[in-house]
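Dear colleague,

I am handing over the structure we spoke about, shown just below. Please look through it once before reading my notes.

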Amino acid sequence: MNLQLALDRMSIPEAVAMAERVSPYIDWIEAGTSLIKEFGMAGIHALKTAFPEKVIVADMKTFDNAKYEFELCYQAGADVATVMGAAPPVTVGTCMETAERFGKEVMIDLLHTTEAQRTALLQHRKAIFCLHVGKDEQEYSGGRLQTPGFAGFEGERRIAAAGGITLETLPGLLGIGPSVLIVGSAITGAADPERAARELRRAVDQVKEVKRS
Ligand SMILES: O=C(CO)[C@H](O)[C@H](O)COP(=O)(O)O
């Protein structure tokens, strides 16, 4: 299981500094949507330059203009870029084609998708499917990550999980067998980010141990 650090609501130097502090404990680094909206492709480029060995995820949340936006991300150094699963099917398909052309990856964000949309998205076998409870749902309507209704994404599909994940909520998510666990504020907003990241790493590694034994 890969631990992905989401970097949101900070400047580019702050994002690079935060990633440096916790880098031994994380696998993937996300240029968060807010970082990209505020600073554009420069955030992605800075993270790839500082961490060439890490997988850099551009959380673009693309909804339209797929070819242009995904080319920008991959050219800036992203290894993975995100598209909303609720976007028109042609948009998601174009993201998949662009990724194929660049030898890169796509993460499909299932935030606010219907069951019919999720079923249709299953055709994108190479994608990573992200179960996601958005910030607004967390903060204003007490949303929590739930697994029912996502049948069909198990097995050979790679799954990511995101949305207010903490050390305490992590055990409840293990049943879905995520290959990517996305954590932002539980690390970046912690009084001691190194400690928070170290503890999450330990929890993730324990899951690996249990699976092996
Ligand atoms: O995509 C996002 C917000 O839309 C965040 O990157 C994701 O939710 C992880 O951050 P946090 O752990 O703080 O929720």
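Predicted model: local features only at pLDDT ≥ 70, side-chain atom pairs only at ≥ 80, totals over all residues.

I began with helix α4, which covers residues 66-76 and whose buried residues are Ala 66, Glu 69, Phe 70, Cys 73, Tyr 74 and Ala 76. Viewed down the axis of α4, these buried residues fall within an arc of 165°, and therefore they line one face of the helix. Tyr 68 and Gln 75, on the other side of α4, are exposed. The cover over the buried residues of α4 includes α3 (41-50), β3 (55-62), β4 (80-84) and α5 (89-102). Just after α4 comes Gly 77, which takes a positive phi of about 120°.

The axes of α4 and α5 lie 9 Å apart and the two helices pack at an angle of about 35°, with α4 passing α5 in a right-handed crossing. On the α4 side, Ala 66, Lys 67, Phe 70, Glu 71 and Tyr 74 take part, and they meet Thr 91, Thr 94, Cys 95, Thr 98, Ala 99 and Phe 102 in α5. By class, this contact has six nonpolar, three polar and two charged residues.

Turning to the ligand, there are 17 residues around it, of which Ala 6, Ala 162, Gly 164, Gly 184 and Ser 185 come nearest. The shell divides into six nonpolar, seven polar and four charged residues, and β8 (180-183) and α9 (185-188) each supply at least two of its residues.

Technical notes:
Residues numbered from 1 in each chain as written. Near = placed C-beta within 6 Å. Helix = DSSP H or I, 4+ residues; strand = E, 2+ residues; numbered from the N terminus. Nonpolar A, V, L, I, M, F, W, Y, C, P; charged D, E, K, R; others polar. Buried ≥ 20, exposed ≤ 12 C-beta atoms within 10 Å, placed from the backbone. Arc of directions from axis to C-beta. Contact = placed C-beta atoms within 7 Å. Axes fitted to C-alpha atoms, helices over the stretch in contact; angles between N-to-C directions. Left-handed = near helix turned anticlockwise from the far one by under 90°.
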